[in-house]
Amino acid sequence: MAKTLNTRAAAAKLCWQIIDKGHSLDAALADLFETQDFSPQDRGFIQELIYGVCRWYGELDTVAASLLKTPIRNKDRVIHFVLLVGLYQLRKLDTAEHAAVAETVSACKQLNKQWAKNLINGCLRTAQRDPLILEQDMNSLSHPSWIRDAIDTAWPQQAAAIMAGNNQRPPMCLRVNSRHASRDDYQSQLAEAGIASDIDPNTRDGLILQQPVSVTLLPQFDQGACSVQDSAAQIAADLLDCQPGMHVLDACAAPGGKTAHILERCDNQLSMDALDISESRCEQLHGTLARLQLNANVYVADASETPSWPTPATGYQRILIDAPCSGLGVIRRHPDIKHHRRPSDIEQLQSIQAALLQNLWAYLAPGGKMLYMTCSILPAENNAQVSQFVAQQNDAMLIATPHPVAQTVEPGVQTLPGVHAMDGFYYCLIQKANTDT
Ligand SMILES: C[S@@+](CC[C@H](N)C(=O)[O-])C[C@H]1O[C@@H](n2cnc3c(N)ncnc32)[C@H](O)[C@@H]1O
């Protein structure tokens, strides 16, 4: 594999692709590491630079504008990102300043923009000598105005904490596979491998690593001993409370984190149908099940339409709708969401969510439970969505959604990044009236 770029040049190029051209951060990074040969240390540093620039873009862009006499031309926009990569190191990291400047300047040549060396050198030296002090709150400045307004409106008391939480590096959380080992035993295995972790007090199966590591270093990872999953996502299996032998539908299942957890809890003794509209994501779902040695019937299907997959004659006893959503609760893990989401997406997502609830309700058995959840913190995708749905049904009952830390909203419960020690998720349990009673 070739290595053609230094770390700063690689990071600047990817930031340009992600922020200006709309590429996904995960996909761009995976593609870079597949095609270019970087040491594990360099990979970590590139990742840090890209996540950092995506997180702090508003602040860095404001500082860049103050340093540049005229904005960099569109055809040279990658150089704008070279500057942001340099500023990120100077303002937010403890990289030795001379290396931050020299290596960032040399990225210009690597990107075939030799002419920009003096410009970047001059800007970074000014920023080093005379760092711009901004009056605004940096967390708030580093959110697009429509997201800032949406958070302020929905969560006026918690808005500052949420925006601070969105800009923090999240911990790496593991879900121990109870079919392999107890959580305590796996924690000991981690310790033997030199990986320090803490018991997650909010979940039954979770461990929180003190430092993130590559999954390749986790004991028995390939054999299915554990999975990487945030605490907020792990709580879905508790809430759904499946029992061995049940018919369960996971309607938006890929890549399979929650499907697998539910199966692990029931020792793989469920009749589990796992759907996803995306064929490529269903491939990932197959991979998840294979690694964890679990069984589910996987169907590529649109769960908002009349079933193209076989449904049980008596209906499902449990249905999970982990609905497609804006992802505004998981910005700390996916900071590119701030750059890719548009206000118009919300309305579109709301109609898909409403269609999923409406369509799948018919396939829930009497007495059965549906868990509707999202990784959003916007009421329009969450409690407002469920309220509207329940008001249209004469056999839907809102039941308690017991959660260790979430705050109650009407209906359902909500976690918030920066407020609760987990990602921002919404959950609501709805039960179908039992016609026998
Ligand atoms: C939040 S993700 C699911 C994550 C998954 N539950 C997990 O824990 O790994 C939402 C998923 O819904 C899928 N999706 C979107 N619209 C759908 C539809 N109409 N029918 C089925 N799946 C859909 C997306 O492809 C995406 O994989």
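Axes here are lines fitted to C-alpha atoms, for helices over the stretch in contact, and angles run from 0 to 180 degrees between N-to-C directions.

**Helix pair.** I took α6 (residues 97-110) and helix α7 (residues 117-129) as the pair to examine. Their axes come within 9 Å and cross at roughly 160°. Angles over 145 degrees count as roughly antiparallel. I therefore note α6 and α7 as roughly antiparallel to each other. I also checked the hand: α6 passes α7 in a right-handed crossing.

**Contact residues.** Next I listed who meets whom. From α6 come E97, V101, T104, V105, C108 and K109. Facing them in α7 I found K117, I120, N121, L124, R125 and Q128. I sorted this contact by class and got five nonpolar, three polar and four charged residues.

**Confidence.** This is a predicted model, so I looked up its scores. I read ipTM 1.00 and pTM 0.97. The protein chain has a mean pLDDT of 97. Of its residues, 99% reach 70 or more. I then went through the elements of the chain. Helix α6 has the lowest mean pLDDT, at 96. Strand β8 (residues 316-322) has the highest, at 99.

**Ligand shell.** Which residues are closest to the ligand? I counted 20 residues around the ligand, and the closest are C252, G257, K258, A303 and D322. I asked which elements give two or more residues to this shell, and found α13 (257-265) and β6 (271-276). By class, I logged 11 nonpolar, four polar and five charged residues around the ligand.

Notes. Residues numbered from 1 in each chain as written. Predicted model: local features only at pLDDT ≥ 70, side-chain atom pairs only at ≥ 80, totals over all residues. Near = placed C-beta within 6 Å. Helix = DSSP H or I, 4+ residues; strand = E, 2+ residues; numbered from the N terminus. Nonpolar A, V, L, I, M, F, W, Y, C, P; charged D, E, K, R; others polar. pLDDT = per-residue confidence, 0-100. Parallel < 35°, antiparallel > 145°, perpendicular 65-115°, else oblique. Left-handed = near helix turned anticlockwise from the far one by under 90°. Contact = placed C-beta atoms within 7 Å.
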